[in-house]
Amino acid sequence: MADEPLPVPADRLPRHVGIIMDGNGRWARSRGLPRGEGHERGADAVRTVVRAARKMGISALTLFAFSSQNWDRPPEEVFHLMELLRRYLHEEREEILENGIRLVSVGQIDRLPAHVREPLEELKAASASNRDMILCLALSYGGRETITAAARDLARAALRGEVDPDTVTPEVFERFMESSRLLPPLDLLVRTSGEHRVSNFFLWELAYAELHFTETMWPDFGRDDLVEALVDYARRERRFGKTSEQVAAVAEPAPAEPAHGGSAR
Ligand code: IPE
Ligand code: IPE
Ligand code: MG
């Protein structure tokens, strides 16, 4: 439930928003600061945006916080990002629990150090019955890695005789994707920092998501930027391969034929 006036009609609000939070390093560099300062300020932006999304009544928010490829960054930067995550989980615990937020994650969390993985697992369990918003952290996450893991699970199920390969459709395959067990379909992807790429995020889930790109660097991203993305989304017509006329006909069903005396067609 939304707590404040919505920037767009409730039925035009995306259910699931994903954000590629990019530009921390450039934000810092442009101010003559170390990259780590950008990550610190980026963590503050996370707090602001989670709070705003929850107040607006968005059902699910996925934040791409650390990619499978980000492990290749300098060790001290990786260490700092892990430390920020640990701190975030500790400092936001109460707010998450008090605001009905359910924390989930996608990605290879077994690769995370124990001082991040353990509080993450704890907060996921503690918030599991919350219903107001799902906050999904994509951690050690890669779209290709996730699809490959689903393919492995599917192959194993086929070897056990539980799945007939001839019956595998996209719908069947999707059941093996961890996101489909945790999240509604992705409606809107936001990427900050002016980059126009998806950098291995949610490759499967992006099939029919709307894309919103902004020049804003992640540490500067706030409620107004989220509103701008939602207003942009609300203006889109999602056709899923159909024609505009078909979409309009579903949105506004034609008036019913009169029961008697209607003109023949
Ligand atoms: C996003 O900001 C944070 C992570 C990817 C973890 P970057 O650190 O990628 O910042 P830029 O892209 O170098 O500016
Ligand atoms: C994408 O940003 C990953 C996250 C935001 C966590 P990157 O900064 O890693 O992406 P590239 O390297 O610009 O594609
Ligand atoms: Mg980047």
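Ser-127 is buried in this predicted model, because its relative accessibility is 0%, below the 20% cut-off for a buried residue. Ser-127 lies in the loop between α4 (114-126) and β4 (133-141). Two ligands are also covered here. Ligand 1 sits in the largest pocket.

- The C-alpha atom of Ser-127 is 6.2 Å from that of Leu-103. Along the chain, 24 residues separate Ser-127 and Leu-103.

**Ligand 1: the shell**

- The residues around ligand 1 include Met-21, Asp-22, Gly-23, Asn-24, Gly-25 and Arg-26. Arg-35, His-39, Ala-65, Asn-70, Arg-73 and Leu-81 also belong to these surroundings.
- By type, the shell around ligand 1 holds 3 nonpolar, 5 polar and 4 charged residues.
- Helices α1 (24-29) and α2 (35-56) each supply at least two residues of this shell. Helix α1 gives the most, with 3 residues.

**Ligand 1: contacts and cover**

- Asp-22 brings a polar side-chain atom to 2.8 Å from an oxygen atom of ligand 1.
- Gly-23 uses its backbone: an N or O atom there lies 3.3 Å from an oxygen atom of ligand 1.
- Arg-26 also uses its backbone, with an N or O atom 2.7 Å from an oxygen atom of ligand 1.
- On its own, ligand 1 has 370 Å² of accessible area, and the protein covers 87% of that.

- Asn-24 has its place in helix α1.
- Asn-24 counts as buried because its relative accessible area is 11%, under the 20% limit.
- The side chains of Asn-24 and His-39 make a polar contact at 3.0 Å. Both residues are among those surrounding ligand 1.

**Ligand 2: the shell**

- Around ligand 2 are Ile-20, Met-21, Asp-22, Phe-64, Ala-65 and Phe-66, among others. The list also includes Ser-67, Asn-70, Arg-73, Arg-191, Arg-197 and Ser-199.
- This shell divides into 5 nonpolar, 3 polar and 4 charged residues.
- Strand β2 (residues 60-67) gives the most to the shell around ligand 2, with 4 residues.
- Asp-22 is one of the residues around ligand 1, and Asp-22 is also listed around ligand 2.

**Ligand 2: contacts and cover**

- The side chain of Asn-70 has an N or O atom 3.0 Å from an oxygen atom of ligand 2.
- For the side chain of Arg-73, the corresponding distance to an oxygen atom of ligand 2 is 3.2 Å.
- For the side chain of Arg-197, it is 2.8 Å.
- The protein covers 78% of the 390 Å² of accessible area that ligand 2 has on its own.

- Most residues other than glycine have a negative phi.
- Ser-199 has a positive phi, near 45°. Ser-199 is found in the loop between β5 (188-191) and β6 (210-213).
- Ser-199 counts as partly exposed because its relative accessibility is 31%, which falls between the 20% and 50% cut-offs.
- Phe-202 is found in the loop between β5 and β6.
- Phe-202 is buried, because its relative accessible area is 0%, under the 20% limit.

Definitions and conventions:
Residues numbered from 1 in each chain as written. Chains lettered and ligands numbered in written order. Predicted model: local features only at pLDDT ≥ 70, side-chain atom pairs only at ≥ 80, totals over all residues. Heavy atoms only, no water. Near = heavy atom within 4 Å. Polar contact = N/O pair within 3.5 Å; in protein donor to acceptor, adjacent residues only side chain to side chain. Areas by Shrake-Rupley, 256 points an atom, 1.4 Å probe, with all protein chains shown as cover. 1 Å grid on protein atoms, 1.4 Å probe; cavity = no way out; pocket = protein on both sides within 12 Å on 5 of 7 lines; lining within 4 Å. Sits in = over half its atoms within 2 Å of the grid points. Nonpolar A, V, L, I, M, F, W, Y, C, P; charged D, E, K, R; others polar. Buried < 20%, exposed > 50% of the residue type's maximum accessible area, 1.4 Å probe, protein only.
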